[in-house]
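I opened this notebook to keep track of what I looked up. The entries follow the order in which I went through the topics.

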Amino acid sequence: MPVPGSHQRSSDPAACRMLELAAQNALKLAYDRYDAMQPLCGYGQLGICCQNCNMGPCRINPFGDGPQTGICGASPAVIAARNLARKSAVGSAAHSDHGRGIAQMLLQTARGKTPGYRIKGPAKLRKLAEEWGIPTAGATTEQLAEKVALAALEDFGRQDGVLRFVSRAPQKVRARWEKAGVAPRGIDREIVGTLHSTNMGASNEPHHLILNCVRAGLADGWGGSMIATELSDILLGEPAPLVSEANLGVLKRDYVNILVHGHEPVLSDALVVASQSDEVLDACRDAGAQGLQLAGICCTANEVLMRHGVPIAGNLLHQEFALVTGAVEMMVVDIQCIFPALRDLAKKYHTLMVSTSPKAHFEGFQHIEFDDSRAIESAKQILLAGVANYVNRDKSKVHIPTEKSPLVAGFTTEGVFDHLGGRYRPSYRPLNNAISDGRIRGVVAVVGCNTVKIKQDEAHLALVKELLRHDVLVVQTGCSAIACGKAGLLTPEAADLYAGNGLKEVCDAVGLPPCLHMGSCVDISRILTACIEICREGGLGDDFADLPVAGAAPEWMSDKAIAIGFYVVGSGVYTVVGDPLPVMGSPVVADYLTNGIEKDFGGKFAFEKDPIQAARLIIKHIDSKREALHLSPMMFEPRPVESLGKPLVDDSARAAVG
Ligand code: SF4
Ligand code: MSK
């Protein structure tokens, strides 16, 4: 099979250069391993391979030849649904264990056991304490933080009732959960219960198994992820809009470059503080460097970007490209989305690979466990090891691409739409009005990963641009936000270059980008809470299923994306994913996920690889919701495709239809 050229691999010119450099140096990256893996296992892709007991593995031939059940008699639908339930539980576990870590850190900080941290979001803490019925009068910040952290931790082991954040959901959404029996009880309970249902001979009915997928997902979105976001804001501070940069060009030739990669913000936050210490800066100078450049990959990057403006080196597939620059002294990883292959790639350079979390160890990485009881000291120890490695850099191997784009990040549920209303109108009314009067068509969350299965970033960028030209406000997290950041879509100027006239008017009035960076993968919970505010403001329905909103993950790859998909769909939101979920070997399960589930939960999945078709599906969905709500027609025709990427100088798109 011919090997695709770099320009077929990535939409990002910096990535293309690194791919070419890697090829010249005979380095094998994820794309090469993907090619070598062809053909991928068809049974696995279709979801009809089962390894759930040792009588198998069993696989069902999708063409009808051979056995049509597993040895135990499991049908293709049961096998596909069981596999999906395991994935939803794993994804939910990943986000939720992250949330648990933040809750434990908040508790330790409240008890004075983590001297490097202080509670930076006291206002949000007080508000959450009130929401949870914790008396606030006369209580110190630390006393409240202790009670809030304990209450959050209680939700992990809760056996009765429902998670605290369930009460935030609109009544109609909650009623559907009650009716279907999926209102999440304890976070751990739902994950364990879902895993149990997939044990050989446990649940053997596809619909029941999919309900478990939804419940595990809801335990993530309205539990683990929401706890992670809220408590991170309380402990580390609420993000506010700030300016930074994204792409490999943020690495600096004469500096010590240290990358943080993974998902948890606690260590990386301490690294940011430690990186500014005299001790570390003096060590850089002693090593002959001009200073230290900290930058991020994946969602750890999003966390330190949102709160500190630390620049982003790239998204998922950039973890390898960053090393190919030859200019990275150390990559510090915590949890999730970290390629074990970095071990071998790092050996071709001088890069030190350091793992830090007790939850994730890596073959061939040095493990320096982060000690949160001496956070800053621990962070300094890690950074100084990176600085000491600067002398080992082989200057002949350094090739830092020049590409980097400015961006604005740091939008939250509480902050973002204040900006839409201007400083003096801090409510969602201006957003709801802009949607009602046809300036903004709707709001779409474009989120999720990169995958080697398609050209990096292309689906994110094409989908987002198509939505923008139809006056759709885009909100983003994760690697999708980074893709758009690298492409310059997270700037106010992007409204002029890509947005339809209505959206452009709204963005121009307050200087907002048309794509709003709302954080890391767990921060998709911010998008849920933004939907709550839209419902609460009134005029657009009192149910997520009524709103002119949608979700999309065009380049998803992680089990976490499956858990997210289930909590978003389970909350009533139409969601389009690129590659189909691995259930296509069972028409029964595929049909339920893309049709039947809507009756139970108000939302459904669509599987569409073509990003322009995906945008059309979304726009059609939004328009149907607008029609049902009897909203005004859109004020402007969609912006012509030919004008994308150029300042909107003429009035050709101003053919008002309403
Ligand atoms: Fe085969 Fe059933 Fe065992 Fe799965 S659970 S491996 S289908 S026998
Ligand atoms: S990091 S989960 S590749 S978005 Fe959150 Fe990116 Fe997906 Fe990991």
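How many aromatic pairs does the count come to? I worked from a predicted model, in which local features need pLDDT of at least 70 and side-chain atom pairs count only at pLDDT 80 or more, while totals for chains, interfaces and linings use all residues. Residues are numbered from 1 along each chain as its sequence is written, chains are lettered from A and ligands numbered from 1 in the order in which they are written, and side-chain values use heavy atoms, with hydrogens and water left out.

**Entry: aromatic rings**

I counted rings of Phe, Tyr and Trp (its six-membered ring) as a pair if their centres lie within 6.5 Å; planes under 30 degrees apart are stacked, over 60 edge-to-face, and the rest tilted. The count comes to six aromatic pairs. I looked up Trp132 and Phe165, which form a tilted pair with 5.1 Å from centre to centre and 50° between the planes. This pair links distant parts of the chain, 33 residues apart: Trp132 is in the loop between helix 6 (122-131) and helix 7 (141-157), and Phe165 in the loop between helix 7 and helix 8 (171-180). Helices (H or I, at least four residues) and strands (E, at least two) are DSSP runs, numbered from the N terminus.

I then checked burial, where buried means under 20% relative accessible area, exposed over 50%, and partly exposed in between (1.4 Å probe, protein chains only). Trp132 is buried at 13%, and Phe165 is buried at 1%. Phe362 and Phe365 make a stacked pair, because their ring centres are 4.8 Å apart and their planes are at 15°. Phe362 has 16% relative accessibility and counts as buried; Phe365, at 10%, is buried too. I also noted a cluster of Trp177, Trp222 and Phe544, linked by ring pairs.

**Entry: charges over rings**

A charge sits over a ring if NZ of Lys or CZ of Arg is within 6 Å of the ring centre and within 35 degrees of the ring normal. I found Arg164 over the face of Trp132, 5.4 Å from the ring centre. The charged end of Arg59 sits over the ring of Tyr43, at 5.6 Å from its centre.

**Entry: ligand 2**

Which residues are around ligand 2? I listed those with a heavy atom within 4 Å of the ligand. Among them are His263, Cys298, Cys299, Cys337, Met557 and Lys560. The shell divides into eight nonpolar, three polar and one charged. Helix 13 (298-308) and helix 20 (478-486) each supply at least two residues of this shell.

I looked at Cys298 by itself. Cys298 is in helix 13, and its phi is near 60°, a positive value in a residue other than glycine. Cys298 is buried, at 1% relative accessible area. Its C-alpha atom is 9.3 Å from that of Gln336, 38 residues apart along the chain. Gln336 lies in the loop between strand 7 (330-333) and helix 15 (342-347).

**Entry: ligand 1**

The residues surrounding ligand 1 include Cys50, Cys53, Gly56, Cys58, Cys72 and Arg82. Gly56 is joined to Pro57 by a cis peptide bond, with omega about 5°. I placed Pro57 in the loop between strand 1 (49-50) and strand 2 (58-59).

**Entry: backbone**

I noted another cis peptide bond, from Gln38 to Pro39, with omega near -10°. Asp471 is not a glycine, yet has a positive phi of about 65°. Asp471 is buried, with a relative accessible area of 0%.

Definitions and conventions
Nonpolar A, V, L, I, M, F, W, Y, C, P; charged D, E, K, R; others polar.
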